[in-house]
Amino acid sequence: MRLKNRLQSWIQTPPDESSNQEGVRTRPEEPVSASNPSFTDGIATKDIRVDPSTALSVRIFLPESALLPSERPQPKSKAEESSLKSENNGDQGYTPSGQNCRKLPIMLQFHGGGWVSGSNDSVANGSFCQRIAKLCDAIVVAVGYRLAPESKYPAAFEDGLKVLNWLRKQSNNSTGDEPWLVAHADPSRCVLLGVSCGANIADYVARQTVELGKELDPVKVVAQILMYPFFLANEPTQSEIRLANTYFYDKAICLLAWQLFLPKDEFSLEHPAANPLAPNRGPPLKLMPPTLTVVAEHDWMRDQGVAYSEELRKVNVPAPLLDYKDTVHEFATLEMLLKTPQAEACAEDICIWVKKYISLGCHEFSY
């Protein structure tokens, strides 16, 4: 109810976009976690401002498995790790040796929040990204894209592509300025992972990589993961008819978020940002990378995700669907639900599937 009231107030009195040219990537009322560049509980994190002219930033989640066995810190008790967190505040933390560094795949992650909330450094998103980094043995780069209504479409989409180009720069020793990525990232094994509206961004970035082709070399998107995508269309589906007014992300709230995200003269449920199957939207689906779609039984947008997955399979794109019973939208990423059996199973299932495409020697499906 608080979220709905906030969205309605923004529609009635929109924020002055000219007063904040950089945009915003987080909300003051939402809890965030501090980065820790030293390895704690198997993960080191670091925040990077990608674009000095905007709020666009990333948080890097580097798993301890990137280190050689001789470099890995000795196991510590929970009390020691908690003490280190406070001591490492402001510390430079881990610095790669520069020799024989282990290379890991990259997972570019886009958080949810209905375009208007959420952040890459929120407590919930941090916990989810740590889980994925450990299970998949991959570097997770969580994107802090600009939020609406301060930055409307296509700002968030442009930010996603800008980060992918930034990763391309980091892959070159002469142009890269982020030592963790220069030392440990393998850009030829890049996966896009989008959560809710972040899935819409991931799908847009995947399409752009198809169209750009070798311009992004050596970055190659080998797969994408769409978790309960924020897809809409004019034609109501069975899940929409049945569930539009139930649970906390109901249709009314989502439509308010879309009104705040899309420019007024572009608002449509058939907008390319909302409907991946909209007519004349390129490139051809048959060129899309392998796509795993996760849906929730009690999500009113469930059937739109199912439909997209089905269309991909029709053109022979590897596009399995994971459909979880007794679950709601964001069931695997909300902080209050992260420890549920469904959330834990979902993360494990994602990693089992994606390892087919990020294991060395197994990326024949690369775009």
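The model is predicted, with local features requiring pLDDT of at least 70 and side-chain atom pairs pLDDT 80 or more, whereas totals for chains, interfaces and linings use all residues. Residues are numbered from 1 along each chain as its sequence is written, and side-chain values use heavy atoms, without hydrogens and water.

With a disulfide defined as a pair of cysteine sulfur atoms within 2.5 Å, the count is 1. The bond connects cysteine 136 and cysteine 351, with an S to S distance of 2.3 Å. The disulfide is left-handed, because the torsion about the S-S bond of cysteine 136 and cysteine 351 is about -90°. Distant parts of the chain are linked in this way: cysteine 136 lies in helix α3 (residues 123–136) and cysteine 351 in helix α10 (residues 341–358), 215 residues apart. Helices (H or I, at least four residues) and strands (E, at least two) are DSSP runs numbered from the N terminus.

Cysteine 101 takes part in no disulfide, the nearest cysteine sulfur being that of cysteine 190, 20 Å away. Its relative accessibility is 19%, so cysteine 101 counts as buried. Cysteine 197 is likewise in no disulfide, and the nearest cysteine sulfur, from cysteine 254, is 9.8 Å away. Cysteine 197 counts as buried because its relative accessibility is 0%.

Strand β1 (residues 43–49) is mostly covered, with 5 of its 7 residues buried. Strand β2 (residues 57–63) pairs with β1 in the antiparallel sense over 7 bridges; pairing requires at least two DSSP bridges between two strands. Isoleucine 43 has proline 63 in β2 as its bridge partner.

Methods
Buried < 20%, exposed > 50% of the residue type's maximum accessible area, 1.4 Å probe, protein only.
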